[in-house]
Amino acid sequence: MSKKIFLGEDQIPRHYYNIVADLPFQPDPPLHPATKKPLGPEDLAPIFPMALIEQEVSTQREIPVPEPVLEAYMLYRPTPLIRATALEQYLQTPARIYYKYEGVSPVGSHKANTALAQAYYNKQEGTKKLVTETGAGQWGTALSFACDRFGLECEVYMVKVSFHQKPYRKVMMQTYGATIHASPSDTTEFGRKILAQDPDNPGSLGIAISEAIEVAAQDPNAKYSLGSVLNHVLLHQTVIGQEAQAQLKAIGEKTPDVVIGCHGGGSNFAGLSFPFVRDKINGADIDIIAAEPISCPTLTKGKLDYDFGDTAGMTPLIRMYTLGHDFMPPSIHAGGLRYHGAAPLVSLLLEHGLIRAEALSQLDVFRGAIEFAKTEGIIPAPESSHAVEMAIREAKKAKEEGKEKVIVFNLSGHGLLDLSAYEAYLNGELKAEDNGYNG
Ligand SMILES: *Cc1c(COP(=O)(O)O)cnc(C)c1O
């Protein structure tokens, strides 16, 4: 059996898989932030193109991948499914461990999958510019790349501390031709208001979202773009899980016993797992696990309720597991995945017991990442390392149980631009979270 499993270009999925069509229960509608009434398409039209608004509420099972997006995917898709034989040997586990490697995309993560689709649909509807926010820069980089490919301008509001402390993704975005602002900035009313109160404000994702939405809403040629959480984003990511299923089938491997993804807003987890959730709804026995940080334990400690998507409370209210829209992860946390909420579709699956969630400590996560790097060679993104560590735990459990399980996890990106977090870990500067999240 070959260790690295590729498929030909002709086997890139031709459809996005919409799990809503197969759910035995209905999602709850997003609510207008002022009226608290269910949102209509017209409420979203100023900031999103109609094709994406339709996907957001679609109940159609398969939505075709547009031909130009397929062509763009061919730069890096299908991504390899790799059997982690060296890690298996190191762990002395009877489990067969496979990882789907999304780090081969030009921008180094799965985020290109939705960025390309979003740029394409916007271009089709005459959008000239996409505006977005980014924290550490993965999403901003993916959207900059995608906009460049489809001939759109891209404007990115990057959280000010990251803008200064993490210059390399900024340089990547500039290389693709994007305009970057350190947020809070003096280019928006909201940014100027924050700066007037506090000229040294370090910024936050919430402030950056508010700035990006303000710019997009006021410019008739511009729209806003989001890299996780929303239904249409999760939908685009399902190319990952569909490919993984085809790859397992091509080598005659059975349906996995365990499927794992790390969880920030939910997009890469959903991308790998939703096609397997369909199998589970149809009777397959699969343990599907979302791995999140103890420092930002949205799924394991959050409350299932309507909440805002941003800190400022400007976005629609969505029903999701949430730590509260003013939640700030502790500053000792180095592993990413800092979003206060979870995708509404992931939340719904958790509520109904189709998936489960585990919270991991950052010291365990980096130890697992280094075991993986030393056996399989790839240095995983700190975010992805949550899935790595979870897979290691499940492989150890299989050993204890003496069971020949098949474990599949998503390696959502590489960590080559996150080496400062590895440096902090290797120098012993990372601390265990005291006792996690206290409420
Ligand atoms: C952004 C990112 C994540 C977290 O986002 P999700 O929407 O939860 O997938 C995970 N891994 C990598 C590599 C990322 O860039």
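Author: Let's start with S412, which has a polar side-chain atom 2.7 Å from a nitrogen atom of the ligand. That pair is a polar contact, meaning two N or O atoms within 3.5 Å; inside a protein, one atom must also be able to donate a hydrogen and the other to accept it, and residues adjacent in sequence count only if both atoms are side-chain atoms.

Before we go on, please keep in mind that this is a predicted model: local features need pLDDT of at least 70, side-chain atom pairs count only at pLDDT 80 or more, and totals for chains, interfaces and linings use all residues. Residues are numbered from 1 along each chain as its sequence is written, and side-chain values use heavy atoms, with hydrogens and water left out.

K111 brings a polar side-chain atom to 2.6 Å from a ligand oxygen, while G266 uses a backbone N or O atom, 2.9 Å from an oxygen of the ligand. The protein buries 94% of the 380 Å² that the ligand exposes when taken alone (areas by the Shrake-Rupley method with a 1.4 Å probe; for residues, only the protein chains shown count as cover).

Stepping back, 18 residues surround the ligand, and K111, S228, G264, S267 and N268 are the closest; to belong here, a residue needs a heavy atom within 4 Å of the ligand. Two helices, α13 (267-281) and α17 (382-401), each give at least two residues to this shell. Helices here are DSSP runs of H or I, at least four residues long, and strands are runs of E, at least two long, numbered from the N terminus.

G266 is one of the residues in contact with V346, as are L234, H263, F269, A270, F274, L299 and I355, leaving aside neighbours of V346 within four places in sequence; contact means heavy atoms within 4.5 Å. V346 itself sits in the largest nonpolar core, which has 75 residues, and V346, Y16, Y73, F274 and L349 touch the most other members. Such a core is a set of buried Ala, Val, Leu, Ile, Met, Phe, Trp, Tyr and Cys residues joined through side-chain atoms within 4.5 Å; buried means under 20% relative accessible area, exposed over 50%, and partly exposed in between, with a 1.4 Å probe and protein chains only. Another core of 28 residues lies apart from this one, with L91, V388, I392 and A395 among its members.
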